[in-house]
2 protein chains.
Amino acid sequence: MNDFQFQNPTKIIFGKDQIKKLADEIPANAKVLMLYGGGSIKSNGIYNQVTEALSKFEVHEMGGIPPNPEYEVLIKALDIIKEKNITYLLAVGGGSVIDGTKFISAAAVYDGDSPWDLITRQKPVTDGMPFGTVLTLPATGSEMNSGSVITRREMKLKLPIGGPGLFPKFSILDPQVVYSIPQRQIANGLADAFTHVLEQYTTYPAQALLQDRFAEGILQTLVEIAPAIMKDNNDYDAAANFMWSCTMALNGLIQKGVPTDWSIHAIGHELTALYNIDHARTLAIITKSLYTYNLETKKEKLAQMAERVWGVTEGDTQEKARAAINHIEDFYQSLGIKTKLSEYTEDYRGTAEFIAERFTERGMTGIGENKNLAPDDVAKIVEMSY
Amino acid sequence: MNDFQFQNPTKIIFGKDQIKKLADEIPANAKVLMLYGGGSIKSNGIYNQVTEALSKFEVHEMGGIPPNPEYEVLIKALDIIKEKNITYLLAVGGGSVIDGTKFISAAAVYDGDSPWDLITRQKPVTDGMPFGTVLTLPATGSEMNSGSVITRREMKLKLPIGGPGLFPKFSILDPQVVYSIPQRQIANGLADAFTHVLEQYTTYPAQALLQDRFAEGILQTLVEIAPAIMKDNNDYDAAANFMWSCTMALNGLIQKGVPTDWSIHAIGHELTALYNIDHARTLAIITKSLYTYNLETKKEKLAQMAERVWGVTEGDTQEKARAAINHIEDFYQSLGIKTKLSEYTEDYRGTAEFIAERFTERGMTGIGENKNLAPDDVAKIVEMSY
């Protein structure tokens, strides 16, 4: 097991009708800026639940935070914060809104020249304006971690920002929000959380037995509840297990003491930036190719996954590893998610070279748990994903 | 899944030679009271590592905190805290020292008549003097939770105290401390952590699929590493998995959203108070009888445990449940732990009635996940454990 540090101070409030507890979590004299996305919270009743719970607070709001939250949109919140003397942020939404709120939290207390520096300097963020979240879409785990990914469209960039100052103070997780989520987004959430676990698990054995068991437990739970929640998103127990699995998939716990990969995400982000493909679907496009390309270095963990998650007993390590890769692809496809780039765009030719060039331009020397995937390898993996 | 709230702000610093990081975690101007037990930290080198790491701080110390930390001993720390203007506590030890430090933390800032009120009033403690821990004995999980059990010997009482104010600010977990732990205490730690999981898992199905997987993952890991660490406590990887499993067994995570039992502990505490039997061993004495007595209400979870932890495939639910009970007893015995009260004391007759009377006197109406074990039931369970 590798040495590690772990701390996650976010308070989770999980269960039915918990949004009404909002007022207990925000300081009494706070001036609140509520942030949300495209407005679905107005049609599904969550907006009303939140504003009712905050009736005794001075609340301002800013909607319109887009999927893959954009820098140009987010910085508009800084004017409102200044003008209204906002002291507390509340993200009501999924991963994009919460990620965007994290950036705003950091930018609101940043005294450098431009908030963009926060992203380009790539230093952990230690201070932010306090914020809470009301999660409306299980998927990214952003509700219980301190990371965020911000898009700058004019530069076709998707870059991370994060640090110990960017944990939500609290997150309210009411599984009933799943009742109004379209099936396509439920599928995305399942695939996103599943891939988060893969990136922290499918590397090489590191004698971190408990972390392996926890990672496998999340994979098993997602596999177990996926058919139920895809069939009926009003199944409370399935929704609750879906929601809690997504949170636990990326709250830092299972990545402690083990090597992590994240190259599926690194390549996937490029596909979103290029073709605006849903984040989760970019991951499904890349996974099989990346694992097949890296079979030799990943085969022990892939075989262990095959045995423990899917009960595969036949074959040697390599055969079990290939079985795992096929099970992963089957899982994505069972969610209605296509796993080839050519199924999303006719314009796919040249993508491999283009992404490899971008990685080279940015000075990327090697990604993956062994830091040995060079731009050339990335090009081959992307080409295998056509 | 039941509604729940979860928050655990303790910072874990895990790995080799991490004790030297102590100074980074304690405020620069702190006046530190270092608390420890019988002095084994002086022979195994941990005392020196700690004092060296804190060479730039004003450090006072109080050793002699006994197993099952006693009120009469702990309150002596309050005089030192007052006299030396202590601002920060550091527990260097196992569960007893950490539990004792939690009580001292609460008592140090309590402004009521007597610190004993903190225990008898049974209210969550919201404030305490800040403290950190250097764990020297994996077992209780106290290093990453806010609970504590305090003994008052003259009253033959063992009672809990805890609350959100009593989380350690940080805990340093260096698995190398296991190298100097006697085998008997390693066995106790394994059994203690194992039973912690059982108390949060072996109840009735609650559709908390992920929590079940995590609980099973801890049980599997303890079963897997027990032979290695019992054979060679210098096996770093086994020590690391042992240590992290003990912490995760009782840091709040696996109990969220599920019913919990804790009647093995409630009865076991009485055996320690009466006969001074090691805490973990009292749990091993009670478990089989309690599960056999409650077979009907616990059989689904017991059967699931048999299947998933020990790979039992034969038999119906009841037979699998009985298989699990036998596997649990075998596990304790494999650690050299005797599982009958009569193996610890010749004086066991009358214990059942005595404990039942004490429970009645304290107004106990029902324990266990269904709150239906009355003193009469407890008497029968204890008698089955003779």
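**Close-up views of a predicted two-chain model**

View 1. On the side of chain A that touches chain B, β1 (4-14), α9 (209-231) and α10 (236-249) each supply at least two residues. The two chains are also linked by 2 salt bridges. A salt bridge is formed by the side chains of A:Arg213 and B:Glu224, at 3.4 Å from N to O.

**View 2. The interface is formed by the same surface of each copy.** Contact involves 40 residues of chain A and 40 residues of chain B. About 3,700 Å² is buried between the two chains, and carbon and sulfur atoms give 57% of this area. Because 100% of the interface residues of chain A are also interface residues in chain B, the copies meet through the same surface.

**View 3. The rotation axis relates chain A to chain B.** Chain A is superposed on chain B by a rotation of 180° with 0.0 Å of shift along the axis, at an RMSD of 0.0 Å. The two copies are therefore related as by a two-fold rotation axis. Among the residues of chain A, A:Pro9 comes closest to this axis, its C-alpha lying at 2.1 Å.

**View 4. A buried salt bridge connects A:Lys298 with A:Glu369.** The closest N and O atoms of this salt bridge are 3.0 Å apart. A:Lys298 lies in helix α13 (residues 295-310) of chain A, whereas A:Glu369 lies in the loop between α15 (351-361) and α16 (375-384), 71 residues apart. Both residues are buried.

View 5. Since B:Glu270 belongs to helix α11 and B:Arg362 to the loop between α15 and α16, the pair ties together parts that are 92 residues apart in sequence. B:Glu270 is buried, with a relative accessible area of 4%, while B:Arg362 is partly exposed at 38%.

Methods:
Residues are numbered from 1 along each chain as its sequence is written. Chains are lettered from A and ligands numbered from 1 in the order in which they are written. This is a predicted model: local features need pLDDT of at least 70, side-chain atom pairs count only at pLDDT 80 or more; totals for chains, interfaces and linings use all residues. Side-chain values use heavy atoms; hydrogens and water are left out. Copies are superposed by least squares on the C-alpha atoms of residues with pLDDT of at least 70 in both. Contact means heavy atoms within 4.5 Å. Buried area is the accessible area (1.4 Å probe) that two parts lose on being put together, summed over both. A salt bridge is a side-chain nitrogen of Lys or Arg within 4 Å of a carboxyl oxygen of Asp or Glu. Helices (H or I, at least four residues) and strands (E, at least two) are DSSP runs, numbered from the N terminus. Buried means under 20% relative accessible area, exposed over 50%, partly exposed in between (1.4 Å probe, protein chains only).
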